[in-house]
Amino acid sequence: MNPLALLLTLSSLLFSLGLLAVLTRRNAILILVGIELMLNAANINFIAFWRYGPPDPELTGPMFVLFSIAIAAAEAAVGLAIILMVFRHTRSTDLNRLDSLHG
Amino acid sequence: MIIPLLILTPLVLLAALGAVWKARPVHAALLLALSLALVAVLYLTIGADFIGLVQFMVYVGAVAILIVFSLLITRPGDEAEEIQRRPRSMVTGLICTLPVLAVLLIALVKGNPESAPAVDAPPLSIAHLGELLFTTHAPAVLAVGVLLTAVMIGAALFARDTEKPKSNQPEK
């Protein structure tokens, strides 16, 4: 197995684990954990293709990862602020209890 | 080059598995931090030094710590309840996740990355990266700056205590 195949397999498994966390967790904060895992899987793909793909003087892969990390940080900050606000209103971060919009 | 990767890859996956599996939220968050730190080490190993350090600072230093602090502020859920209803949610989760994994792996096998020629890209030059960031990608850098400012203001507004809006107004 060459490094590219190994990293792409790692990225696929990491993405699936993140998706599993998003689908099975009830705590809103732990769903964010799953989202961070999926974002990381995507970043690993970019770095793997930059490092083991054809030479790229424009550094597209690392550049994309830099912006992706910045946006992931922003997303986590806003997501957690929203979760904390919801917690102040309902005293819970359990998504099963947040059903006031349920018809 | 492949040996450190062969050691790191299972460690990253084990830490991520723990983050998905652990019922106690703080353990899950700390295992996520471990997994992200190991990915940073992986970046350092394959020559993307700057990205590895950024990953370490932003993900491990900021995002993971933010998640841990949110868990400290909010009330932890009922662990026993979480464990009790886990079998059902796990079955549903796996039914949805395994097809996604299958599609990803089929695409991977069909793409046949084994046949890729072994190229040894030069290590990431930070000077070159910085030059590109502030020439070709300058508009994007500015846009990210605006985004982060908006996020900072937005998060502060969200986090403000809305239940007692009059408490922080000056008395007349």
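Me: Contact means heavy atoms within 4.5 Å. With that in mind, what covers the buried residues of α7(B)?

Reply: Happy to start there, with one reminder: this is a predicted model. The cover over the buried residues of α7(B) includes α3 of chain A.

Me: Which residues of α7(B) are buried, and what puts them on the same side?

Reply: Val144(B), Val151(B), Gly154(B) and Ala155(B) are the buried ones in α7(B). They span an arc of only 100° around the axis, so they sit on the same side of α7(B). Exposed residues lie on the other side of this helix: Pro139(B), Leu142(B), Val146(B) and Met152(B).

Me: What makes the buried residues of α6(B) line one face of the helix?

Reply: In α6(B), residues 126–133, the buried residues are Leu129(B), Leu132(B) and Leu133(B). Looking down the axis, these buried residues fall within an arc of 100°, so they line one face of α6(B). Ala127(B) and Glu131(B) are exposed on the other side of the helix. Among the elements covering the buried residues of α6(B) are α3 of chain A and, from chain B, α3 and α7.

Me: Why is Leu11(B) called partly exposed?

Reply: Partly exposed lies between the two cut-offs, under 20% for buried and over 50% for exposed. Leu11(B) has a relative accessible area of 40%, so it counts as partly exposed. Leu11(B) is in helix α1 of chain B, residues 2–21. It also belongs to a nonpolar surface patch with Ile3(B), Leu6(B), Ile7(B), Leu14(B) and Leu17(B), and together they have about 580 Å² of accessible area.

Me: Why does Glu36(A) count as buried?

Reply: The cut-off for buried is under 20% relative accessible area. Glu36(A) is at 0%, so it is buried. You will find Glu36(A) in helix α2 of chain A, residues 28–52. Apart from neighbours within four places in sequence, Glu36(A) contacts Ala72(A), Glu75(A) and Ala76(A), along with Leu32(B), Tyr59(B), Val63(B) and Ile67(B).

Me: And why is Leu10(A) called buried?

Reply: Buried means under 20%, and Leu10(A) has 1% relative accessibility, so it is buried. Leu10(A) is in helix α1 of chain A, residues 3–24. Leaving out neighbours within four places in sequence, its contacts are Ile44(A), Thr9(B), Val12(B), Leu13(B) and Leu42(B).

Me: How many helices and strands does chain B have, and how much of the chain is buried?

Reply: Chain B has seven helices and zero strands. Of its 172 residues, 34% count as buried. The accessible surface of chain B is about 10600 Å², and 73% of that belongs to carbon and sulfur atoms. As for contacts in chain B with a separation of 6 or more, 57% come from residues 24 or more positions apart.

Technical notes:
Residues are numbered from 1 along each chain as its sequence is written. Chains are lettered from A and ligands numbered from 1 in the order in which they are written. This is a predicted model: local features need pLDDT of at least 70, side-chain atom pairs count only at pLDDT 80 or more; totals for chains, interfaces and linings use all residues. Side-chain values use heavy atoms; hydrogens and water are left out. Patches are made of residues with over 30% relative accessible area and no salt bridge: like charges are joined within 9 Å, nonpolar side chains (Val, Leu, Ile, Met, Phe, Trp, Tyr) within 5 Å. Accessible areas come from the Shrake-Rupley method with a 1.4 Å probe; for residues, only the protein chains shown count as cover. A salt bridge is a side-chain nitrogen of Lys or Arg within 4 Å of a carboxyl oxygen of Asp or Glu. Helices (H or I, at least four residues) and strands (E, at least two) are DSSP runs, numbered from the N terminus. Buried means under 20% relative accessible area, exposed over 50%, partly exposed in between (1.4 Å probe, protein chains only). The arc is that of the directions from the helix axis to the C-beta atoms.
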